[in-house]
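Today I am opening a new structure and keeping notes as I go. Have a look along with me.

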Amino acid sequence: MVGQTRIVVSMVPTPGEMTVARSNPGGRMSADDNAFLTAPAAETVSAMPPSMPPVAGYKLTRIISLASTGSVYLGVDELDGKQVAIKIFSPEIPFSRKTLEDFRQEIDSARKVTHPNLVRLLSAGELERGGMYLVMEYAGGQNLTSFIRSQSDGRLSLKTAYNLMLQLSSAVCYFHRHGFTHMDLKPASVIIQDDDGRDLAKITDQGFSRFLDETGILPRGYMGHDTHRLAYLPPEELLPVVEPKPTADIFSLSAVFYLMLTGHIPYNFGEGEANRIMVEKGQTIPIDERLPGLPEPLVVIVERGLSLDPESRYQTGCELLDALETVRV
């Protein structure tokens, strides 16, 4: 693979949750009906399915989450007793032998990328029945969607949002420096942990659907039809041919920052194809219209990150991090 490398993981490690999709035509987060903004809502799952395939070397204990591409389970490494998260991809996904080999190679590369704000990838393998599984660090906590919902006014405080954005930008900077792009950043991709009273952010959900899309396993443009991702998808991602570039991550991360600060997605979404057109045309709502009174330097950072033209954005996570560090909050 030449140039930027795609990481091929999809996982939302929120303990004991199974994702259940609901719809929401609006742009404001609410406790009951905001799945459209970020990620499916969650319901507790306590039982393991009887048809669960064995994974050599691991004991699976419960479901963490379910998705169209597969399921994530909490597991225990039988050698050292450590908890891990194991993604088992749906048997309906038609992996070819070449795709399986590409998958292993990309995971082998990604295992070298370690950062305190990134969920670590540990290993990948093939099930006896066929199909792939992926083992990664178990990041207990709640995803950013749930964390924002838990706030009394439906958004994070300026200081909390800023501190989390510094962490996320640091992780994306590190990612970009090592030649990777995430290509699927969204609130459900961020896990918030309590680290001795400090909110610690970890990035996961590293774009397996993108890998399926680009390898032709899923139809081209699949990602643009997922309403849980659309609000965070850079406009160029809806084009027929897309090369993975760091500027795509900048747009998505800026959209996540917008949500943390305001409690809104960057668009006035309604229903149907009109939402996709809004994204294609870059019809975002200026953040200072959503939340007057924000510090002007943060307004400039968010608006630049959400630029329709990728060349007008910060070009890497490191540029974005540098800009954030000049702001006093």
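Strands (E, at least two residues) and helices (H or I, at least four) are DSSP runs numbered from the N terminus. This is a predicted model, where local features need pLDDT of at least 70, side-chain atom pairs count only at pLDDT 80 or more, and totals for chains, interfaces and linings use all residues. Residues are numbered from 1 along each chain as its sequence is written, and side-chain values use heavy atoms, leaving out hydrogens and water.

Next I followed the strands. E9 and E11 (residues 190-195) pair in the antiparallel sense over 2 bridges; to pair, two strands need at least two bridges found by DSSP. The open sheet has 3 strands in the order E9-E11-E12, with antiparallel pairing. Its edge strands are E9 (142-143) and E12 (198-203), each pairing on one side only.

Then I looked up what packs on the sheet. H3 does, touching E11 and E12, where contact means heavy atoms within 4.5 Å. The direction of H3 makes about 35° with that of E12.

How do H3 and H10 cross, and at roughly what angle? The axes of H3 (residues 158-177) and H10 (residues 317-325) come within 7 Å and cross at roughly 150°. Axes are lines fitted to C-alpha atoms, for helices over the stretch in contact, and angles run from 0 to 180 degrees between N-to-C directions. H3 and H10 are therefore roughly antiparallel (angles over 145 degrees).

Last, I listed who meets whom: Tyr162, Met165 and Leu166 are among the H3 residues in the contact, and Leu320 and Leu321 are among those in H10.

Note on methods:
Parallel < 35°, antiparallel > 145°, perpendicular 65-115°, else oblique.
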